[in-house]
Amino acid sequence: MCMFSHCDPRKSGYANVFIKNLDASVDNKALYDTFAAFGTVLSSKVAVDENGQSKGYGFVHFDNDESAQNIKKLNGMLINDKKVYVGLFVQRQERAPGNGSPKPMYM
């Protein structure tokens with residue numbers, strides 16, 4: 001059994017939103033504060049590199065799928081004067097194949 005507080009929201013795919021084109025100044029708290037107005041946020045995470053600098057994208061995990069579905073309407077909104085992409089998170093294996101071959105997996 002998996003409890004929300006212990007699940008990795010990136011793996012579950014349930015009620016997850018992907019945000020890209022984030023300004024470098026947006027951190028986890030700013031992402032949380034921005035999206036909490038649209039539903040109960042269980043977690044928010046801005047992807048960072050090995051130096052702690054933002055990679056320009058992040059994830060928000062809501063407590064229910066309805067909040068995540070409604071958030072798609074915010075695609076194109078401005079956060080810190082940057083137009084962001086907002087959409088439902090899609091797991092890598094469910095995405096349409098892109099250009100080139102997939103990355104090799106090493107064990």
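Helices are DSSP runs of H or I with at least four residues and strands are DSSP runs of E with at least two, both numbered from the N terminus. The views below show a predicted model, in which local features need pLDDT of at least 70 and side-chain atom pairs count only at pLDDT 80 or more, while totals for chains, interfaces and linings use all residues. Residues are numbered from 1 along each chain as its sequence is written, and side-chain values use heavy atoms, with hydrogens and water left out.

**View 1**
Lys29 and Asp33 both belong to helix 2 (residues 28–35), where they are 4 residues apart, about one turn of the helix. A search of the whole structure finds 1 salt bridge. Lys29 is exposed because its relative accessible area is 54%, whereas Asp33, at 40%, is partly exposed; here buried means under 20% relative accessible area, exposed over 50% and partly exposed in between, with a 1.4 Å probe and protein chains only. Side chains of opposite charge can pair when their charged atoms come close.

**View 1. Strand 1 and its two antiparallel partners, strand 3 and strand 6.**
Strand 1 (residues 16–20) includes Asn16, and 5 bridges join this strand to strand 3, the two running antiparallel; strands count as paired if DSSP finds at least two bridges between them. Asn16 stands opposite His61 in strand 3, and Asn16 is buried because its relative accessible area is 4%. Asn16 and Ser43 are 27 residues apart in sequence, and their C-alpha atoms are 9.5 Å apart in space. A further 4 bridges join strand 1 to strand 6, again antiparallel, and Val17 has Leu88 of strand 6 as its bridge partner.

**View 2. The aromatic cluster of Phe18, Tyr57, Phe59, Tyr85 and Phe89.**
The structure holds 6 aromatic pairs, where rings of Phe, Tyr and Trp (its six-membered ring) pair if their centres lie within 6.5 Å, and planes under 30 degrees apart count as stacked, over 60 as edge-to-face and the rest as tilted. The rings of Phe59 and Phe89 have their centres 5.5 Å apart and their planes at 80°, so this pair is edge-to-face. Because Phe59 lies in strand 3 (residues 54–62) and Phe89 in the segment after strand 6 (85–88), the pair ties together parts that are 30 residues apart in sequence. Both Phe59 and Phe89 are buried. Lys20 lies over the face of Tyr85, at 5.2 Å from the ring centre; a charge sits over a ring if NZ of Lys or CZ of Arg is within 6 Å of the ring centre and within 35 degrees of the ring normal.

**View 3. The largest nonpolar core, with 17 residues.**
A nonpolar core is a set of buried Ala, Val, Leu, Ile, Met, Phe, Trp, Tyr and Cys residues joined through side-chain atoms within 4.5 Å. In the largest one, the residues with the most contacts inside the core are Ile19, Leu22, Leu31, Phe35 and Phe62. Strand 1, helix 2, strand 2 (41–48), strand 3 and helix 3 (65–71) are the elements that give two or more residues to this core. Leaving aside its neighbours within four places in sequence, Leu22 is in contact (heavy atoms within 4.5 Å) with residues including Leu31, Val46, Tyr57, Ile79 and Val84.

**View 4. Ser67 in helix 3.**
Ser67 counts as buried because its relative accessibility is 9%. Beyond its neighbours within four places in sequence, Ser67 is in contact with Phe38, Gly39 and Phe62.

Most residues other than glycine have a negative phi, and most peptide bonds are trans.

Terms used: A salt bridge is a side-chain nitrogen of Lys or Arg within 4 Å of a carboxyl oxygen of Asp or Glu.
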